[in-house]
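Q: I have a structure open and would like to go through it piece by piece. Can you help me read it?

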Amino acid sequence: MLLRNPGGMIGVAILTIAIAVALVGPLLFPTSPWRMVQRPFLPPFTMANLPLGTDALGRDVMAGIIYGARVSLLVGLISTLASLAVGIPLGAAAGYFGGKIDDALMRFTEFFQTVPSFALAIVLVAIMQPSIVSIVVAIAIVSWPPVARLVRGEVLSLRTREYVQAAVVTGQTNWWIIWREILPNALSPVIVLASLMVATAILLESSLSFLGLGDPNLMSWGYMVGAGRTVIRQAWWITVFPGIAILVSVLALNLIGEGLNDALNPRLAKGGR
Amino acid sequence: MISFIAQRIAKAIVVLLALVVLNFFLIRLAPGDPALVMAGEAGAGDQIFLAQLREKFGLDQPLPVQLFLYVKGILSLDLGFSFRQQMPVATLILQRLPATLLLTGTAFAISLAFGIVFGALAARFAGTWADTAITVLALVFYATPLFWVALMAILLFSVTMDWLPSFGYETVGANYTGLTHVLDVAAHLVLPATTIGLFFMATYARMTRASMLEVNRLDFVKTARAKGLSDTVIQRRHVLRNALLPVVTLAGLQAGTLVGGAVLTETVFAWPGIGRLMYEALLQRDYNLLLGVFVVCSAMVLAFNLITDLVYRSVDPRIEFAS
Amino acid sequence: MSKRKILMSFAVLCMLSTAAVAEGPKAGGVVNAVIQPEPPSLMVGLVQNGPTQMVAGNIYEGLLRYSPKLEPLPGLAESWTVSEDGKTYTFKLVKSATWHDGKPFTSADVLFSIDFLKQTHPRARGNLVQLDKVEAPDESTVVFTLKQPFGPFIGIFEVGSLPMIPKHIYEGTDFKTNPANNTPVGTGPFMFKEWQKGSFIRLVKNPNYHVKGKPNIDEIYWHVIPDAAARSVAYETGKVDVLPGGSVENFDVPRLSKLKNTCVTGAGWEFFSPHSWLWLNNRAGPTANKKFRQALMFAIDRNMAKDVVWNGLGKVATGPSGSAIKYYTGAVPKYDYDPAKAKALLKEAGYNGEKLRMLPLPYGETWQRWAEMVRQNLQDVGINVEMVATDVPGWNQKVSEWDYDIAFTYLYQYGDPALGVGRNYISSQIAKGSPFNNVEGYSNPEIDKLFADGAVAFPDAARGEIYAKAQKILVEDVPVAWMLELQFPTITRCSVKNLVTTGIGVNDGFRDAWIEK
C-alpha cells in the first residue's frame, strides 16, 4: 500500500541510500574525514578524487558527508525512539484513565514543556558539556512532551468511540483496549510526528553546532554546516552539500511518514474524494 | 467553568514554582560562574577581584539562602538583579520582550496561514504527484538549516538587491516617528519573520493534511455527500472545521514556545529579542537573568496551554474533562 | 644654489603645501562601528572587559597615551619627568581639561583614581605594587614616588590600565552601585549619550575637549551584531564603516579587503600584542615531562596554521615574548616543524599512547579550526588527542581549576615583560581560580629570580640582559607551547582617516580620526 504513494516510494528510496551510505561508506572510503588532504577551499568538481571539494582546512567534503551520515542518522533515530518510549505510554495513560492520573501526568508534561525547548536543550548541553551523548539526551528530553500531549488528545477523542465502548462492555482489560483498539487508530498523527521528530533531531543537532555546542570529535552533517557558515561567501560548497544531505534525509523521512499515514488509513487509498 | 479555570491557574503557579526551583539548581550545575566570565573577558583577574565580584553577585552566600531570597522575590513579582549588567532583570526583559513578540507573532501568523493552505491543497490531491510536490515544497524550508536560509535571504535581499535591511530592529540614528517608523520596523521585520514562518509552515501543513484526510473518511462527510452538498461546501464547512482540531492543539503548543524559540534568527539578524538575551545570559552564567527569562517564557506557555485546552473543549464537545 | 634648483624647490614646496591644505582634517560626520560582544558596562574603572575598553577608551582618558612604538605621548599629562634614580615620576597635568559634566579635572582626581583603582582594578593593583606614595603639590602636578626603580612604570598609564575617575562623583559612595555607572563621565573626546541594550551605544562629540580642534567626528554609533557573517554583511551594505580587529572571522578578511573604499591595517594592537599558546599541564600526565613538551613544539606546524587558519596574518611566536614587546630577543632555541624529531623525542620521553584532553578556545570558528589542525598534527606523530568541548565559562572553569592537559589560550602582554609576561611563569602566580596566571604550574627558582630582578633593574640596558637570559631558559624548558603572535586586522572605509594612530588603535583612536567627504 505504501508503494502506491509516489512520495512514500521516493522517501523509502532516499532513506535506503542514506542508510547504505552510513553503513558501507566508511568501508569504501577509509581515510578519516579529519585528515587534511589538499589545499583549503578547493572548489567542487575540479579534482576527480575530491568531487565535492575541500573545506577551510583542506579536508575532503565527500568523506565528511559519508562519515556524517552515520552520526546524523543515529542521533535522529535514537533521540526519537527515546522520546516515543516516554511520550506514548504517558500520553495514552493520561488520555484513557483521565481524572487524577490525567491531571498528574499532564502537570508533569507541562512541567517539561513550559521551558522553551531549544533553550532547555542548550542549557542541558551546556551543563553536560557538548558531546554526542549529551546532545542525544538533551534532544530526547525536550522532544517527548508533544508526543504525550498528542497521544493524549487522540486517545481522549477515541475513548468515546463506539468500538471502544463495545470493548469495555465485553470486559476487555484497560491496557488491552489501549493497545489493540485505541493506539492503532491514534497512531497516524503520531507516526507523522515521529518522522518529523527524527528530522527535527537532525536539525536540532545542526543548530547546536551552529551555536558552538556540537561534539568536536564526531564529524556530523550539522557540524559541517556549522563549521562552514563563516565562509559561506567564498566557499558555498562546505555548507551546501551537507545541507543538501540534511534536506534530502529530512524530506525522505517526511515522505515516508506521509506514505505510512495514508497506508495505515485503509480507506484513503484513492485520496480525498 | 470558572472553578476549572481557577484550579488550572492555581496548578500552573505550583508548576511555575517547581520550575523555578529546578532551574535554579540546574543552571548552577553548568561549569563556571559569572565572576569567572567577567575575569575572562577582562583578560585579567586576581583573587581579590573574583571575591569582590562574587560578593557583589551574592554568590558567596550558601545556596539555600540564595534560593530562598530568589523565590521570595518571585512571589512579589521581583525577578531580581542581573549580575553582569547591574540592572533589574525585569527591566532587561521588558525592554526586549515586545520585539520578540512582534517577531514570533508575525512568524506564527505567516506559518499558520501558509501551512493550512498548503495542507488543505495537499489533502485535496492526496496520493498523487501533486500531493508530493506540494508537500516537498512545504518541507524544503523546514529541512534546510534555519541559519542557512537566513543567511541566504540576507545575501539575496540585502546584499544583492538591497531591498531590505540585514540587521536590527530599526534604522539606528534616523529617529523616525509615526508611519515612517512603523514602515521602518516592518522593513526590518520582513526577513526574520518570513524565515521563521517558512520553517514552521511545514508542521502545520502536515498536520492539516493528515487531519483533513482523516476527517474526510468519517461518516458524516459521506452523509453530507449523499445529501448532495457540493465538495467545496463540504470541505470548507464541515471538514475543515473538524480537521483543524489537531492543528489547534499544535498551534497552542507552539504558541507558548514562541517567546523562547527565536534564538537562531535573533542571532543572525541581530534582532534585540528575548531568545538572544537568554542565550547570552547562559553563556555569561548570568543566573538571575537566565532564570528570569525562563520564568517569563514558562508563564506564557502555561497561559497558552490553558487557552488551548479551553478552545479544544469548546470545539469538540465529545471530550469530557475529568473534574 | 642654482636658479633652477631654487625654482624646483619652490615648486615642490608649493605642491607640498597645497597637498597639506587639501589633506587637512575635516570636521563633522558620523561613524558606525561594531562592538562584539556587547560590553556589560562602560564604567572602565570597574569593568575591564575588552569591549568595555574599546568603547570607554574614547570616553575616559589616562595620563598618557602611547605611540605604536610604545613611546609615551601626552594624555591628561602634558609633560613629565623621571628622576635620575628612577624612583620619582613628576607629571604636569593639562590645565584646561574638564569632566563631561563641566567640573575641572585636577590632581585631586588623580589621587582619588589611584585609590579607586587599587580597590577595583586587578591589573592596576599589580602595576602599582612598587608605588610608595603619590602626592599632589598643586592642582596640576602629581608626583609618584616608588619604593624601587620600576622600568615599566611609565607604561602603566594607558586609559584601560589606569583610567582617570571623577572624584566628585564617586567619592564617599559605594563604587559598585553608584548610579553614575550607567552614564559614564570622563574627560575624553566623546561623551556617552545613549545605550539601547542589544542594539547600539551612541557617543557624541565633547564640545569642551581640552585638545582644541578635536575631535573632528560628531557622533559614533557602536552597533551590537552577534553573528560574524552578519557583521560582514553590515559592512558590505554600507551600514557599518569600521570593523575593529576581531569583529569578522579571518577567513572573511581577504574578501572584504577587496571591496571598494576599503582599507585594512594590522596596526593598533602593539600595546596589547596578543600572544597565543597552548597551556601544557606541567603537573600531571605526559605533559609534565619536558621532552614530551619539546616534542609537541616540533610536531605542530605553526606556519601552516598562520597561513591557513589566520590567512597569513601574524607571526610565528619564538618564545614567551612578542616581538613588539621591550627586550624581546630572537636568540633562543628554535622549534621548526619537524615531525621526525618529534617522534624521536616522544620515544625518549617514554610516551606510550596515553590519551590527552585538548581544550580549544570557544571563541568562534577560527579557533575551532585551529584546534582541529593541531589535533591532526599531534595524531600524525602518534599522540592520542581527544578534543573536549566547552563554552566560555566552562573553559574558564576548566583552565582555572587545572582540569586539562592541553588548552588553547591567548593573552595580552601590555608592552613590557614585567607587566604581561612574567605572570605566566613565576611561582608566586601559581594559584587556582584564574585562567591568566601561571596556569601550567611551571616552577623554576632561576626564572623567579630573573623576573623579580628584571622588574626593578636600572637602567634599561640591565633589564635587557636579564630578560634575554630568562627568554632563553624558558624556550628551552617549554612550559607552554607558544604558537603565534596574533594580528587582528582593523577594516575601515578609506574615507575614515587617521583612526589607528596609537598603540591601542581604535580604543582611543577616534580622537584624531576624521571623515573625508
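A: Start with a definition: two residues are in contact if their C-beta atoms, placed from the backbone, lie within 7 Å. Also keep in mind that this is a predicted model.

Q: OK, contacts. In chain A, what share of those between residues at least 6 apart in sequence join residues at least 24 apart?
A: The share is 69%.

Q: And what is chain A built from, helices or strands?
A: Chain A has nine helices and zero strands. Read from the N terminus, its elements run α-α-α-α-α-α-α-α-α.

Q: How many residues does chain A have, and what percentage are buried?
A: Chain A has 273 residues, and 57% of them are buried. Its C-alpha trace spans about 75 × 45 × 30 Å along the principal axes.

Q: Then what are the angle and distance for α1 and α2 of chain A?
A: Helix α1 of chain A covers residues 6-28 and helix α2 of chain A covers residues 61-97. Their axes come within 8 Å and cross at roughly 120°.

Q: Which residues make the contact?
A: From α1(A), they include A:Ala18, A:Ile19 and A:Gly25. From α2(A), they include A:Tyr67, A:Arg70 and A:Leu73. By class, the contact has nine nonpolar, one polar and one charged residues.

Q: Switching to chain C. In what order do the four strands of the open sheet come?
A: The order is β4-β5-β7-β6, with antiparallel pairing.

Q: Which strands stand at the edges?
A: They are β4 (77-82) and β6 (131-138) of chain C. Each has a single partner strand, so one side of each is left without a neighbour in the sheet. The twist averages 20° from one strand to the next.

Q: What about β5 and β7 of chain C, how many bridges do they pair over?
A: Strand β5 (residues 88-93) and strand β7 (residues 141-146) of chain C pair over five bridges, in the antiparallel sense. C:Phe91 stands opposite C:Val142 in β7(C).

Q: Which helix packs on that sheet?
A: Helix α3 of chain C, residues 107-120, packs on the sheet and touches β5, β6 and β7 of chain C. The direction of α3 makes about 160° with that of β6(C).

Conventions: Residues numbered from 1 in each chain as written. Chains lettered and ligands numbered in written order. Predicted model: local features only at pLDDT ≥ 70, side-chain atom pairs only at ≥ 80, totals over all residues. Helix = DSSP H or I, 4+ residues; strand = E, 2+ residues; numbered from the N terminus. Buried ≥ 20, exposed ≤ 12 C-beta atoms within 10 Å, placed from the backbone. Axes fitted to C-alpha atoms, helices over the stretch in contact; angles between N-to-C directions. Nonpolar A, V, L, I, M, F, W, Y, C, P; charged D, E, K, R; others polar. Pairing = 2+ DSSP bridges.
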